[in-house]
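Visitor: Please put the model up. I have some questions about its folds and its chain contact.

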Amino acid sequence: MKFCVLWVPDFRLHALRRSDATLAGRAAALITGEGRKATIAEASPEAKGVTPGLAVTLAMAQCPGIILRPRDPAAEVEAQRILIAAAFSLSPRVEATAAGCCTVDLQGADAVRTEAQMRICIRELAKAGLPTRIGAAATPLLANMAAQCAEPLLIVTDTRNFLSPLPLSFAAPTAAQTEILSGWGIRTLGDLTALSKADIAQRLGTEGVTLWERAAGETASVLRHVEPSRTFEAEWEYEPPVESIEPLFFRLRAFAERIAVELRAAQLVAEELTLTLFLEDESDYRRSFRLPEANADLDSWLRVLDSHLETVRTAARVARVRLVAKPIRAPEKQGGLFDTGLRDPAAFWENLARVSAIVGEGRVGTPLLTDTHKPDTFVLVKPTELVPAPAEPPIHPPRGLRLRRFRPPWPAQVELAEHRPTAIESAQLRGAIRAIAGPWHVSGEWWKPKAWAVETWHVELREGGVYQLAHTGDGWRVEGVLD
Amino acid sequence: MADLRRFRGNSEGISSRFTSAPESEVSGLPASQSGGLPASQLTELVAEGPSTGGQLVLARLLETTRVARQRLALIDAADGFAPEAVPPDTLKHLVWVRCRALADALTVADVLVRDGNYAVVVLDLRGVADRALKKQSATAWHRLHRVVENEAPAVLVLTPCPLVPSVPWRLVLRTPHGLASRRLTQEKLLAQLTVEIARGHSTQAVAERAG
């Protein structure tokens with residue numbers, strides 16, 4: 001196989017169904033023409049008895065409740081982009097042959113891998129609402145014919161046997177040619193090619209030769225390659241604006257499907273998703289989601305978006321939505337045989353994203369102490385996938401109780417005697433001090449305008465409890481309890 | 001054969017490659033008859049007063065899970081954990097969730113217990129206002145019970161007062177430590193912890209000194 005064709009039957013109707021949530025699972029048809037001349041162009045399988053070319057009034061009588069819609073060019077563009085993106089996962093040489101049809105040059109590709117990838121394409125496109133057929137053969141024309149016969153994949157190895165039983169219409173004869181050939185009793189491509197090319201040329205001229213060549217699968221054409229997508233974004237304008245989450249999420253799902261396929265075709269993954277909602281009052285709501293694990297996995301994106309959208313409240317209706325994925329190269333790594341890894345890495349990162357949506361950005365992670373003596377200074381970093389081997393135990397084992405902080409610290413009034421605290425009074429805590437240790441002085445960043453200095457005491461109250469007191473230029477505060 | 005023997009010799013390493021259902025030992029705590037936090041169960045540790053050793057137990061749990069290279073999630077309802085209070089190496093397996101509200105903490109617990117990648121999930125409710133704790137409906141706890149039963153991790157709930165209804169294990173720390181304890185090593189302090197088993201599967205309430 002040197003070429004393949006990806007073909008979506010009833011493409012315009014499927015494109016429309018991808019963009020309109022109300023059409024899901026219902027009898028629907030695409031109409032062409034206006035007023036009384038309007039006829040059915042494409043009909044869904046649910047619309048029983050409705051066939052292309054039927055007048056709209058007859059279609060409504062035939063299938064009460066049928067939803068009729070005109071073409072939606074924006075939806076078709078969006079659907080065509082996902083089809084092209086899927087085609088790029090097969091080969092970098094892709095032609096956008098027609099709406100719902102792409103031709104791919106497979107020359108030089110590994111046949112086994114390509115066939116497996118074709119099946120993946122069919123599955124992904126079907127999941128995205130585009131039931132696709134793929135035909136592969138030695139020429140683009142043959143591949144196109146194979147796609148029309150495929151259910152859903154057909155790889156032509158024996159051209160003659162494949163073409164012979166096909167009806168003559170596959171070679172696209174003119175009306176005059178059809179009339180002549182049917183008069184000769186020729187019904188199939190095999191019947192036509194059984195005649196010699198010279199005889200056909202003698203009787204039907206050069207047009208007849210072209211038809212014979214098409215029937216024999218000999219026509220070769222040069223593909224007009226398209227460039228793969230370099231930006232991974234999608235935008236949609238709602239008319240009228242929407243105020244509930246369902247249409248928004250439906251649209252974002254379609255966007256995410258397309259962008260994920262485009263990323264995978266380009267061997268990339270998304271590091272960050274940016275969602276922008278343009279509101280009716282001309283303001284906008286923008287939010288970036290840094291994915292815990294860079295990926296091109298639709299389900300994990302949808303979980304992140306869904307968790308966030310559930311909490312979003314906007315001041316006005318949403319008039320336009322945009323989703324942008326920031327691409328990076330997929331990280332590749334191999335863990336050590338004896339490393340302690342994650343049982344389910346996908347769940348781990350997805351759940352961290354969900355938790356982050358609940359508690360807020362920057363509030364989940366592994367704490368990493370920063371290189372300073374300033375109290376309570378750390379950063380939260382992304383947890384590692386592998387838990388490293390523990391370090392040697394410290395030479396000096398930890399002593400005493402451990403601090404549990406009050407964030408923010410409790411402001412306090414402290415009574416002093418000979419420069420040492422003797423009693424505390426704050427909104428949360430009061431009492432006389434029974435025992436005391438300290439002070440410990442730490443300071444830093446003296447070279448900056450906001451130099452800091454803290455005097456720390458550990459105090460035991462007469463009623464029980466050991467607390468950490470801190471004295472700074474702003475006064476006294478209870479920093480935490482030693483527990 | 002020699003290769004096979006070597007491979008079998010490494011089988012312990014292979015089994016430890018992935019986190020498994022833990023019996024997370026916290027020495028000093030008679031958390032269960034097996035000497036560790038029971039997997040697939042809630043354990044409530046009530047630190048009834050200040051300086052009774054709740055944070056010490058948490059630090060010990062961090063150490064034991066770190067040695068076993070297990071992952072620990074700390075859901076910190078009042079955002080009280082002080083990373084500088086434990087050795088930096090014992091933080092490397094920790095996923096710390098700094099919550100702003102009790103409801104968030106319970107939602108996060110629900111998510112992380114189901115995750116399957118954590119050996120221990122600690123839900124620290126100390127520092128949350130009493131009123132918020134009392135207002136929490138029993139339904140939320142029963143829901144957490146059901147989730148935990150079907151999952152592998154051991155779940156430790158640190159509370160300032162008995163809170164979790166129908167909890168299989170409730171341990172109470174009542175005796176406060178004084179300032180003099182600052183000279184004692186962690187091992188000695190843990191050995192001195194007085195833990196009361198207020199509720200257990202098979203034992204009546206007993207007070208025992210661990211160590």
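Guide: First, a definition: helices (H or I, at least four residues) and strands (E, at least two) are DSSP runs, numbered from the N terminus. This is a predicted model: local features need pLDDT of at least 70, side-chain atom pairs count only at pLDDT 80 or more, and totals for chains, interfaces and linings use all residues. Residues are numbered from 1 along each chain as its sequence is written, while chains are lettered from A and ligands numbered from 1 in the order in which they are written.

Visitor: How many helices and strands does chain B have?
Guide: Chain B has 211 residues, and buried ones make up 48% of them. Buried means 20 or more other C-beta atoms within 10 Å of the residue's own; exposed means 12 or fewer, and partly exposed is in between, with C-beta atoms placed from the backbone. The count for chain B is seven helices and 10 strands.

Visitor: What is the strand order in the open sheet of chain A?
Guide: The sheet has five strands with mixed pairing; two strands pair if DSSP finds at least two bridges between them. Its edge strands are E5 (94-98) and E8 of chain A, each pairing on one side only. Inside the sheet, five bridges join E1(A) to E6(A), which run antiparallel. The order is E5-E6-E1-E7-E8.

Visitor: Is helix H5 of chain A mostly covered or mostly open?
Guide: H5(A) spans residues 140-149, and eight of its 10 residues are buried. Among them are A:Leu141, A:Leu142 and A:Met145. The buried residues pack against elements including strand E1 (3-7) and helix H9 (197-215) of chain A; contact means C-beta atoms, placed from the backbone, within 7 Å. H5(A) is mostly covered.

Visitor: Which strands close into a barrel in chain A?
Guide: The barrel has six strands with antiparallel pairing. Nine bridges join E17 (residues 430-444) to E18 (residues 452-461) of chain A. A:Ala435 stands opposite A:Glu460 in E18(A). The barrel order is E15-E16-E17-E18-E19-E20.

Visitor: How many residues does each chain give to the contact?
Guide: On the side of chain B that touches chain A, helix H3 (54-67), strand E5 (94-98) and helix H4 (102-115) of chain B each give two or more residues. Two bridges join E13 (residues 364-369) of chain A to E5(B), which run antiparallel. There, A:Val364 stands opposite B:Val97. The contact takes 57 residues from chain B and 51 residues from chain A.

How values were computed. Contact = placed C-beta atoms within 7 Å.
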